[in-house]
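Please open the structure in a viewer and keep the selection tool at hand.

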Amino acid sequence: MLRIKGITYGGAALLLLAVSMIASLSIGSAGLSFVDVWGILIHQLPGMPDPADKWTSGEIAIVTQVRLSRVWLDVLVGACLALAGAGFQGVLRNPLADPYTLGVASGSSVGAAFIILTGMQLALGLWTIPVVAFGTGILTLIAVIGLSRTRGVMQIETIILSGVIIQSFLGAFVSLMVSMSQGVVNQILFWIMGSLAMKSWEHVYMMIPFLVIALPILLYFSQSLNLFTLGERHASHLGVKVERTKLIVMLVSTLLTAAAVSVSGVIGFVGLVVPHLIRLIVGPDYRLIIPLAGIGGGIFMLWADTLARNVLSPKELPLGVVTALIGAPFFAYLLHRRMKVEGGAKS
């Protein structure tokens with residue numbers, strides 16, 4: 001039954017992803033028609049005539065170097081953020097948890113902003129920002145967990161509040177770095193608001209290993225996350241190594257967050273909205289939620305970025321602004337619904 005359900009939902013999700021990629025590739029401010037875009041792409045295939053005979057080098061570059069790489073980056077960044085949100089929500093048993101509300105995204109942003117401000121690249125080149133962002137993200141996660149502990153036990157009820165406190169605190173550090181910056185102030189501000197502009201295939205190749213490593217790990221722990229819904233004590237009695245599972249899932253989710261933030265900047269609410277929508281559609285089984293959240297995150301990011309590129313064309317809206325305009329009302333709805341359910345249960 002699960003296999004049939006997975007194939008059905010997975011096939012529909014992949015079809016919607018393919019349609020979204022085609023639409024995003026075909027829409028832009030360069031004045032290229034649908035026929036032009038796909039004519040250029042088809043002519044890239046082996047054995048096809050040289051596309052330079054029909055289109056200019058600039059038009060070919062717009063399609064193959066700008067739009068195509070950005071579409072794939074949308075998919076990868078969206079998948080990373082949605083998977084991170086699913087991991088955090090599963091291990092904490094809280095639909096309001098995501099990298100943004102837990103402060104992990106803000107922690108990663110502090111490290112990335114510091115690298116931009118100082119211009120340090122160390123010996124890692126393009127990998128410097130992801131590595132530093134992961135390190136500061138881990139430190140943030142440790143701080144959030146430590147703040148939510150009572151007598152050595154992490155309190156699930158207070159971890160969201162702890163994340164909000166840490167997020168506000170780290171936001172002050174980012175603001176301080178912005179005030180200290182001079183030549184890179186616009187770069188930091190643009191990055192804080194989130195954007196995939198001026199990214200290339202190099203960033204796509206950088207993102208792939210993170211997803212390839214993290215997705216199988218989260219899938220491996222998906223059944224354990226299902227048992228977490230019964231409570232940590234019951235999960236432990238059923239054979240789940242609770243502390244190890246929590247540690248690994250949180251570390252992997254932080255790694256995905258750091259990878260996404262280092263490329264796209266701060267983009268909130270993707271990890272909150274997408275896993276919850278998937279849960280409403282397919283139910284609470286994390287064996288379905290995790291792969292579908294990855295696909296759904298790509299779809300969500302594709303359409304958000306398409307809106308960011310075209311709503312005020314030729315100007316471009318920050319991607320984080322678009323996701324916040326969608327995600328913030330949804331977050332408020334979830335919070336109101338959760339309080340209403342809890343209030344009804346008490347009465």
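Select Leu-211, which is buried, with a relative accessible area of 15%; buried means under 20% relative accessible area, exposed means over 50%, and partly exposed is in between (1.4 Å probe, protein chains only). This residue lies in helix 8; helices (H or I, at least four residues) and strands (E, at least two) are DSSP runs, numbered from the N terminus. The model is a predicted one, in which local features need pLDDT of at least 70 and side-chain atom pairs count only at pLDDT 80 or more, while totals for chains, interfaces and linings use all residues. Residues are numbered from 1 along each chain as its sequence is written, and side-chain values use heavy atoms, with hydrogens and water left out.

Next, display the partners of Leu-211. Leaving aside neighbours within four places in sequence, Leu-211 is in contact with Leu-76, Ala-79, Cys-80, Leu-83, Pro-216 and Leu-256, where contact means heavy atoms within 4.5 Å. Then select Ala-259: its C-alpha atom is separated by 9.1 Å from that of Leu-211, although the two residues are 48 residues apart along the chain.

**Second stop: helix 3 against helix 8**

Select helix 3 together with helix 8 (residues 201-220); they pack at an angle of about 25°, with their axes 9 Å apart. Axes are lines fitted to C-alpha atoms, for helices over the stretch in contact, and angles run from 0 to 180 degrees between N-to-C directions. Helix 3 is therefore roughly parallel to helix 8; angles under 35 degrees count as roughly parallel, over 145 as roughly antiparallel, 65 to 115 as roughly perpendicular and the rest as oblique. The crossing of these two helices is left-handed, that is, the near helix is turned anticlockwise from the far one by less than a right angle, whereas clockwise would be right-handed.

Among the residues making the contact are Trp-72, Leu-76 and Leu-83 of helix 3 and Trp-201, Ile-208 and Leu-215 of helix 8. By class, this contact of helix 3 with helix 8 has 15 nonpolar, 4 polar and no charged residues. In this scheme Ala, Val, Leu, Ile, Met, Phe, Trp, Tyr, Cys and Pro count as nonpolar, Asp, Glu, Lys and Arg as charged, and the others, Gly among them, as polar.

Now select Ser-69, which lies in helix 3. Is Ser-69 buried or exposed? Ser-69 is buried, with a relative accessible area of 1%. Not counting residues up to four places away in sequence, Ser-69 touches Thr-64, Lys-199, Ser-200, Trp-201 and Val-204.

Select Val-77, Leu-102, Met-207, Met-250 and Leu-256, which touch the most other members of the 99 residues in the largest nonpolar core. Such a core is a set of buried Ala, Val, Leu, Ile, Met, Phe, Trp, Tyr and Cys residues joined through side-chain atoms within 4.5 Å. Helix 3 (residues 57-92) supplies the largest share of this core, 18 residues.

Select helix 2 with helix 3, whose axes come within 10 Å and cross at roughly 85°. This makes helix 2 roughly perpendicular to helix 3. Val-37, Ile-40 and Leu-41 in helix 2 meet residues of helix 3 including Glu-59, Val-63 and Arg-67. By class, the contact of helix 2 with helix 3 has 6 nonpolar, 1 polar and 2 charged residues.

Then select helix 4 (residues 104-118) and helix 7 (residues 185-192), which pack at an angle of about 160°, with their axes 10 Å apart. Helix 4 and helix 7 are therefore roughly antiparallel to each other. The contact involves Ser-109, Ala-112, Ala-113, Ile-116 and Leu-117 of helix 4 and Gln-187, Ile-188 and Trp-191 of helix 7.

**Last stop: loop residues**

Select Ser-29, in the loop between helix 1 (2-26) and helix 2 (34-42). Ser-29 counts as exposed, at 52% relative accessibility. Finally, select Met-198, in the loop between helix 7 and helix 8. Met-198 has a positive phi of about 65° although it is not a glycine, and Met-198 is exposed, with a relative accessible area of 81%.
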